[in-house]
Amino acid sequence: MKDLENKRVLVLGFAKSGYATAKILKKLNFDVILNAKDDLSNNKEAQELKNLGVKIVDGSHPLSLLENIDVIVKNPGIPYKIEILQKALEKGIDIITEVELASTLFDVDMVAITGTNGKTTTTQMTYDILKKDGKDVHLAGNIGFPVIEVAYNYPNSLIVTEVSSFQLEGTINFKPSIAAITNLGIGHLDYHGNLENYHKAKRKIYQNQTKDDYLILNIKEKEKFNLENINSTVVFYDTKENNEADIDVKNKKVIYKGMELFDVSKITLPGNHNIENAINAAWIAYKKGASIETIQEVLYNFKGVKHRLQYVGEYKNIKYYNDSKATNPVATTNALSGFEKNVILLCGGTDRGIDFKELVPYFNKIKMMIVVGESKEILYNLAVANNVRCERAEKIKDATILASNLAKTGDTVLLSPACASWDQYKSFEQRGDEFIETFNNIKDRRI
């Protein structure tokens, strides 16, 4: 990595990040090969790369590729357990993600935000504040364009980046000037193997930071971090009054060093977790030069991110919320915490062996559950065992129609699956779009 310009690079995986990585590396005159398991013979972007001179090997991952490779830049979603990566590890070949590559190639100022839940909302809030304040800022990572693409096109700009555990796993020298970990819950155990590996990947966000860099953490998760091993300047926040926190809430006002950042009662998004997201965003934006007036204006008018506790609309005095991004139980409990009662919860999806017991303390808010997908029976049995009415449905469309038929005035229909979507949908976005489309059809009386 110290002498990257002389390395031979294998880009493993296509999609958005693989395409952008191979294209930019070739423009920078790197010796680059792109390898994908899928057939790319009819792919327009792949043909574009070929025309630029990128060698493409598709249809499989032949081990012979490793004979002349120094660095692998892999798509974040590709697991390390596949044979070509295991062989690369045996050979001592660096395996990185494009987030690491971007920070190595370009000396950019980067804010990096991760966490089990809330990272997308926090990233969007932060970007919106800084953009509204007139800063030279761009959005990247999971929420926007590949980091490598943004860093290449805007090397002198501030980049606000949402980074996943998959991306962080492939970092070596990655060093954001401000890092935020919204929370450390349970997620992606099928990829990382166990909880400690997952948390270890998340903690890599600050591994190269110095005292001149900042790490913002929730003080209630303080015990999850070995503070003696953190070189960053750590900033703790709390959503209640707490003299031990650097940022806390007094009389509904978020206070930092005696200054009011914003009033929590004026935040439009429901739930304590969104107050936490707003605190992260407000403080980061403030440290990057945004005015208090802009911080407040943006936060008080922030309507949410699509598929993240998104208010879809109201029909017959029944409100509908799309939280399709809730791919684990903690995310669903966060959503439920924002409502008092009479929630019709649409949940279920890919069965990843997760225990859904985290939902039980929130069952008093749930009027009824409608369950779908591979985890349908697990959730059905949990609901019945706790005296919560539960109905089965095939897909989200069917569940939404059933919820609409059973809901009464004042109820809330909440899609918050607590599961990944891959059993029935290509992505959580597709799942959420089906919910939105079904609601619109119900509202317009097409169903």
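This is a predicted model: local features need pLDDT of at least 70, side-chain atom pairs count only at pLDDT 80 or more; totals for chains, interfaces and linings use all residues.
1. Y19 is buried, with a relative accessible area of 18%, where buried means under 20%, exposed over 50% and partly exposed in between, as computed with a 1.4 Å probe on protein chains only. F14 and Y19 form an edge-to-face pair with 6.3 Å from centre to centre and 65° between the planes; rings of Phe, Tyr and Trp (for Trp the six-membered ring) pair if their centres lie within 6.5 Å, and planes under 30 degrees apart count as stacked, over 60 as edge-to-face and the rest as tilted. By this rule the count comes to ten aromatic pairs.

2. Residues are numbered from 1 along each chain as its sequence is written, and side-chain values use heavy atoms, with hydrogens and water left out.

3. A further aromatic pair is that of Y256 and W283, which is edge-to-face because the ring centres are 6.2 Å apart and the planes stand at 85°. Y256 lies in strand β13 (residues 253-256) and W283 in helix α10, so the pair ties together parts that are 27 residues apart in sequence; helices (H or I, at least four residues) and strands (E, at least two) are DSSP runs, numbered from the N terminus. Y256 is buried at 7% relative accessibility, and W283 is buried at 0%. Ring pairs also link Y214, Y256, W283 and Y286 into a cluster.

4. The second largest pocket holds about 580 Å³ of space, and of its 35 lining residues the closest to the centre are N117, H273, V330, A331 and N334. On a 1 Å grid over the protein atoms alone, a pocket is an open set of points with protein on both sides within 12 Å along at least five of seven lines, a cavity is a set where a 1.4 Å probe fits but cannot get out, and lining residues have an atom within 4 Å of a point. Grid points are joined across faces, edges and corners, and the volume is the space filled by probe spheres set on them.

5. Helices α5 (119-132), α10 (272-287) and α12 (329-336) each supply at least two residues of this lining. At least three lining residues come from each of domain 2 (100-301) and domain 3 (310-444), with bounds taken from an automatic or database domain assignment.

6. UniProt, in an unreviewed entry, places a "binding site" feature at G115, T116, N117, G118, K119, T120 and T121, and such annotations may be inferred rather than shown by experiment. From this set, T116, N117, G118, K119, T120 and T121 belong to the lining of the second largest pocket. G115 sits in the loop between β6 (109-114) and α5 and is buried, at 0% relative accessibility.

7. Two backbone positions deserve a check, given that most residues other than glycine have a negative phi. K316, in the loop between β15 and β16, has a positive phi near 55° and is exposed at 57%. N387, in the loop between α13 (376-385) and β19 (390-392), has a positive phi of about 60° and is exposed at 76%.
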